[in-house]
Amino acid sequence: MSSASEPRWRRLEPDARREQILVCAIRLFGDRPYPAVSTTDIAREAGVARGLINHYFGTKRDLYLEVVRRMVTIPASAPQTLATGTLEDRIDASVNWFLDRVLRHSKTWLVAVGGVGHDVAVERILAEADELAADRVLQFVGLDDVQDHRDQLRAMIRA
């Protein structure tokens with residue numbers, strides 16, 4: 001069967017379909033400003049009906065907020081992929097991991113941290129991501145069990 005005769009639409013499990021839509025939204029919001037991206041554009045890119053976007057994410061704004069959350073939140077699975085070794089090796093690996101992630105989606109990441117103007121929901125997501133990042137970085141570098149001066153460590157990381 002040639003690719004020209006393959007069906008454009010294929011059935012995916014709900015989690016895989018949701019992820020596919022999110023990946024397409026990440027790409028489109030990185031390529032164009034928020035107002036220039038429609039749910040129809042995202043649906044076309046993902047090869048799904050527009051209603052499926054509403055089913056998984058609600059409104060375009062809800063989907064955009066999920067894109068922002070994805071761009072700025074360090075996933076729980078990240079520590080398993082980082083190096084072991086000296087504290088310096090672990091810090092170097094965590095910084096490289098972060099920079100690689102930002103570079104891979106640089107335009108969308110910049111849109112996410114720059115927001116779409118003053119937006120309380122985006123600011124809340126960024127603040128939550130900062131708090132989580134402080135804890136994850138401590139975990140990455142093997143200092144998550146340190147209690148002395150923990151608040152100062154977290155403040156340095158957030159800075």
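These legends accompany several close-up views of a predicted model.

**View 1. The overall chain is built from helices.** The chain holds 8 helices and 0 strands, and from the N terminus on its elements run α-α-α-α-α-α-α-α. Of the 159 residues in the chain, 35% are buried. Among the contacts in the chain with a separation of 6 or more, 63% are accounted for by residues 24 or more positions apart.

**View 2. Helix H1 spans residues 14–31.** This helix has 18 residues and reaches 26 Å from its first C-alpha to its last, which is close to the 26 Å expected at 1.5 Å a residue. The buried residues of H1 are Arg17, Ile21, Leu22, Cys24, Ala25, Ile26, Leu28, Phe29 and Gly30.

**View 3. The largest nonpolar core contains 29 residues, with Ile42 and Val72 touching the most other members.** At least two residues of this core are supplied by each of H1, helix H2 (39–46), helix H3 (50–57), H4, H6 and H7. A second, separate core consists of 5 residues, including Ile74, Trp97, Phe140 and Val141. In soluble globular proteins, nonpolar side chains tend to be buried together.

**View 4. Ala112 and Val113 lie in helix H6.** Ala112 counts as buried because its relative accessibility is 2%, whereas Val113, at 33% relative accessibility, counts as partly exposed. Leaving aside neighbours within four places in sequence, Ala112 is in contact with Tyr64, Val68, Met71, Val72, Val122 and Leu126. With residues up to four places away in sequence again not counted, Val113 touches Val72 and Leu126.

**View 5. The largest pocket has a volume of about 440 Å³.** Its lining comprises 21 residues, of which Ile74, Phe98, Ala133, Val137 and Ile157 lie nearest the centre of the pocket. Helix H4 (60–72), helix H5 (87–104), helix H6 (106–114), helix H7 (120–140) and helix H8 (150–158) each supply at least two residues of this lining, and the largest share, 7 residues, comes from H7. By residue class, the lining divides into 16 nonpolar, 2 polar and 3 charged residues. Ile74, one of the residues nearest the centre of the pocket, is also included in the second, separate core of 5 residues.

**View 6. His149 is placed in the loop between H7 and H8.** Although His149 is not a glycine, this residue has a positive phi of about 60°. Most residues other than glycine have a negative phi. His149 counts as exposed because its relative accessibility, 58%, is over 50%.

How values were computed:
Residues are numbered from 1 along each chain as its sequence is written. This is a predicted model: local features need pLDDT of at least 70, side-chain atom pairs count only at pLDDT 80 or more; totals for chains, interfaces and linings use all residues. Side-chain values use heavy atoms; hydrogens and water are left out. On a 1 Å grid over the protein atoms alone, a cavity is a set of points where a 1.4 Å probe fits but cannot get out, and a pocket is an open set with protein on both sides within 12 Å along at least five of seven lines; lining residues have an atom within 4 Å of a point. Grid points are joined across faces, edges and corners, and a volume is the space filled by probe spheres set on the points. Helices (H or I, at least four residues) and strands (E, at least two) are DSSP runs, numbered from the N terminus. Ala, Val, Leu, Ile, Met, Phe, Trp, Tyr, Cys and Pro count as nonpolar, Asp, Glu, Lys and Arg as charged, and the others, Gly among them, as polar. The expected span of a helix is 1.5 Å times one less than its number of residues. Buried means under 20% relative accessible area, exposed over 50%, partly exposed in between (1.4 Å probe, protein chains only). A nonpolar core is a set of buried Ala, Val, Leu, Ile, Met, Phe, Trp, Tyr and Cys residues joined through side-chain atoms within 4.5 Å. Contact means heavy atoms within 4.5 Å.
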